[in-house]
Amino acid sequence: MALEIKQNLKLSQSLVITPQLQQAIKLLQLSQMELVEVVQQEMLENPLLEEAAEVEALPENEPPEIVNEREELESPVETNQLNENGDNEIGGKEGDFKEEPKDFDWDNYLNTYNAPDIPRYNGNGEDLPSFENTLATKTSLFDHLMWQLQLSNLSPQEIEIGASVIASIDDDGYLRDPMEEISQRVGCEITVAEQVLGKIQEFDPPGVGARDLKECLLIQVCLIKHEPALLSKMIQDHLSLLERKDYLKLAKELKISLTKVQELAKIIHEFEPKPGRAFGTSDAQYIQPDVYVQKIGSEWVVLLNEDGLPKLKVSSLYKSMMDGNGPSATKEYVQNKLRSAIWLIRSIHQRQRTLYRVSKAIIKFQREFFDKGSGFLKPMVLRDVANEIEMHESTVSRVTTSKYMHTPHGILELKYFFNSGVVTSEGDAIASESIKNKIRALISQENPKKPLSDQDIVQLLKGGSIEIARRTVAKYRENLGISSSSKRRQLF
């Protein structure tokens, strides 16, 4: 068979995800706080990026692909001035830089600031505690247990074993590592390790060091003087009946009265199933809204949150490097950094414009929600907003991920406004989130001794022209984190 070489010309279209496009997609799905961190990091790595009150003009001899970006770089990233189309309105007066007085006495200021005896007052003229007295570190469960271990009358070997045991206790107060593993780790007999564990289980908080819920409750029973034997039997042999609140069957099993069972069950329900909960060290995670929505007159106005976001520009320092007779490697480095800076500024502009347009579209579709409340939330999907702003659904999905909107009805995730709907018997569409709110309201008003079943909720919703299946009610109830009627029932 003869071999030959041929040349063919083929025309095709393909999408190439360049690093610049990847950066734009990444910025699109970042939250406000994450965006600020990325911009600050880029400013550290790219010397051509800087923040200033006024933006200087770019040099005239820049490459052609950079000349096209001139208009976008002639103003800082100022997205609160977006117009109705989501575009930037160039202009706006920058704040004047105030030079500090040259005759300022810094030595006297620092000495006064560091003085320990400066009185501090609140608005009523009352003395406030010193800064040192306002700082406190919350004691962790590990530190609390180690403090008790050091105060115990134990040998050095037992203290070493106890430290290993305490290190294996999680934040809920449960021992997660097997005793065999702990004894091997310390190099002792398992019986000795079990004895030390028994001592730790006597520590505060009650129930700490247990290996499961049953053992945790049994440890706390030892501190109860009222019917400890009967309480232990209920926990040891009939814990599943207690969880289901099947007190009638429990009374038959224990051969005691129903009143007695309810009395003992009330005591058990007061036990702490997670002893380490009081020592939780996790701090509250605060949400910073990406978008603020305010009503001015009869119109809802969108304001993008740019708190802490630097207004970027390209530094003028590179002019001399580009125009001079410096090394080609330096010019190439500056050229790459220049291109990277321009792409970053463009990506931020695009992100802010897209976020603004999506927020405006949400307000357009959910106008009744903003005017009247969550009960008037309408069904809406990503396609509705995508068609409104003429973008792809994936873009809308990215820009609504991990972003929050400050509304008169609270701070809500943008994903909150996208939900499926149910058609009522009157022909109107109601959002699934509104149905969940109605289910939550019905359950909050129920009789605790006779809670509403899922079928009862179906009938009540049907009276409000909302016809859904019982399994749908169960699914919405589970999404709300609400237990079934049998577990919500309270007999005392």
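This report describes the sheet, the nonpolar cores and the cysteines of a predicted model.

Local features are given only at pLDDT of at least 70 and side-chain atom pairs only at pLDDT 80 or more, while totals for chains, interfaces and linings use all residues. Residues are numbered from 1 along each chain as its sequence is written, and side-chain values use heavy atoms, without hydrogens and water.

**Sheet.** An open sheet is built from four strands with mixed pairing, in the order β3-β2-β5-β6. Helices (H or I, at least four residues) and strands (E, at least two) are DSSP runs numbered from the N terminus, and two strands pair if DSSP finds at least two bridges between them. At the edges are β3 and β6, each of which pairs on one side only. On average, neighbouring strands of this sheet are turned by 25° against each other, direction ignored. Six bridges join β2 to β3 in the antiparallel sense; Tyr292 has Leu303 of β3 as its bridge partner. Strands of a sheet pair through backbone hydrogen bonds.

| Strand | Residues |
|---|---|
| β2 | 291–296 |
| β3 | 299–304 |
| β5 | 404–407 |
| β6 | 410–413 |

Helix α17 (residues 328–365) lies across β2, β3 and β5, and runs at about 155° to β3. Such angles run from 0 to 180 degrees between N-to-C directions, with axes fitted to C-alpha atoms, for helices over the stretch in contact (heavy atoms within 4.5 Å).

**Nonpolar cores.** A nonpolar core is a set of buried Ala, Val, Leu, Ile, Met, Phe, Trp, Tyr and Cys residues joined through side-chain atoms within 4.5 Å. Buried means under 20% relative accessible area, exposed over 50%, and partly exposed in between (1.4 Å probe, protein chains only). The largest core has 28 residues, of which Ile362, Phe370, Val385 and Phe417 touch the most other members. Elements that each supply at least two of its residues include β2, β3, α17 and α18 (367–372). Helix α17 gives the largest share, six residues. Beyond its neighbours within four places in sequence, Ile362 contacts Phe370, Met380, Leu414, Phe417 and Phe418.

Another core, apart from this one, has 21 residues, including Leu145, Leu149, Val165 and Leu175. Leu145 and Leu149 are among the buried residues of helix α7 (residues 141–151). The cover over the buried residues of α7 includes α8 (156–167).

**Cysteines.** Zero disulfides are found in the whole structure, a disulfide being a pair of cysteine sulfur atoms within 2.5 Å. Cys216 is buried, at 0% relative accessible area, whereas Cys222 is exposed, at 66%.
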